[in-house]
Structures are given as structure tokens and as C-alpha cells.
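Biologist: Please pick one part of this model and take me through it slowly, with the cut-offs spelled out. I would like to end up at the charged pairs on its side chains.

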Amino acid sequence: MNKRNILIQLDCDDQPSVFDRVVAVDSGADFIFSHASTKPSQVRDLIHGAIFTRGAKDLKHTAIFVGGSDVVLAKEIHEEVRKHMIQDYGLTVSSMMDANGCNTTAVAAVKAVEAALECQGKRAVVLAATGPVGQRVSSLLARLGCEVTVISRQLEKAV
């Protein structure tokens, strides 16, 4: 019997993203288990519930998506997701973190910049750098060797 495709959505916001659920359905998920207000301390049991219920060969039909609007918290949650997989026994599933589209949008933006110019040694100014996409763009540009200056209306967030 073919297993159904399950996406487990771990969202750090009070309400799981409808946008993310629609994309998941359109991408072929048969079932979406959405968890709101997810905390890192809850992740182990959620992951074990996902990996211990199917044989290792069927885990390819299960995936974890971490989202929400708090990039830092979503990253912590995703680190916990990866920590509680049991690779030695093949008990792993695909996982991805894309809080507020920060990774997909940021990568597309940085790839466009990279296509236009060499980033190493250049100076970059990132506007609205305290939002999820801006945070990721700043980080990616810095990894490429740019000197990054962030601009924000709130000094505390920019620091």
C-alpha cells in the first residue's frame, strides 16, 4: 500500500500560516498537521511521533516545515527538529525552515544580486533589515563577503 504524503507544520505563531498550508496542498501534501505556538521544548515528542510511526523506507512520505514570523525562534525549532532525528537507524524525514518566506525570498534576492555583481569586498545596505527577509538577506550577503549595513526604523531591532 502506498503511504499518503504528510507535512507536519510547526509554526511559532499563535495561528499557523494559511499561506503555508495552501502551498503545501498545492505541492502534493495529502495531510497537513499544523501546530501553532510551537516551542523548542515541544519538538522532540512531535518528531518522535513522526519518525516512529512509519518504517524507515516510508519516511520519505513525511516532511517537517517550520514557519512563523519569528526567524530566530523558527531557527531554534528547526535545530531541535534536526537534533531529534535518529540518522543511525534511518529515522529521518525532510525538514525545512522558512519563517515568513525568509529563506526562499532572501535566496532569490541574493542570487539576483550575485548574478549582477561580485559580492566579495562590496558594501551592501539592507533596508528593513529587521524583518525576516531582511535578516536573511543580511546574513547571506555577509557570507558572500559583503560589508553589510542594516537600516531600520527601530535602533534596538537593528542592533
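Modeller: I151 sits in strand β6 (residues 147-151); strands (E, at least two residues) and helices (H or I, at least four) are DSSP runs numbered from the N terminus. This is a predicted model, where local features need pLDDT of at least 70 and side-chain atom pairs count only at pLDDT 80 or more, while totals for chains, interfaces and linings use all residues. Residues are numbered from 1 along each chain as its sequence is written, and side-chain values use heavy atoms, without hydrogens and water. I151 has a relative accessible area of 38%, so it is partly exposed (buried is under 20%, exposed over 50%, partly exposed in between; 1.4 Å probe, protein chains only). Together with V125 and L127, I151 makes a nonpolar surface patch of about 290 Å² (Shrake-Rupley areas, 1.4 Å probe, only the protein chains shown counting as cover for residues; members have over 30% relative accessible area and no salt bridge, with nonpolar side chains Val, Leu, Ile, Met, Phe, Trp and Tyr joined within 5 Å and like charges within 9 Å).

Now the charged pairs. A salt bridge needs a Lys or Arg side-chain nitrogen within 4 Å of an Asp or Glu carboxyl oxygen, and the count is 6. One of them joins D30 and R4 at 3.7 Å, N to O. This pair links distant parts of the chain, 26 residues apart: D30 lies in the loop between α1 and β2, R4 in the segment before β1. D30, at 37%, is partly exposed, and R4, at 45%, is partly exposed too. In helix α3 (residues 71-83), K83 and E80 are 3 residues apart, so about one helical turn separates them; their closest N and O atoms are 3.6 Å apart. K83 is exposed at 55%, whereas E80 is buried at 19%.
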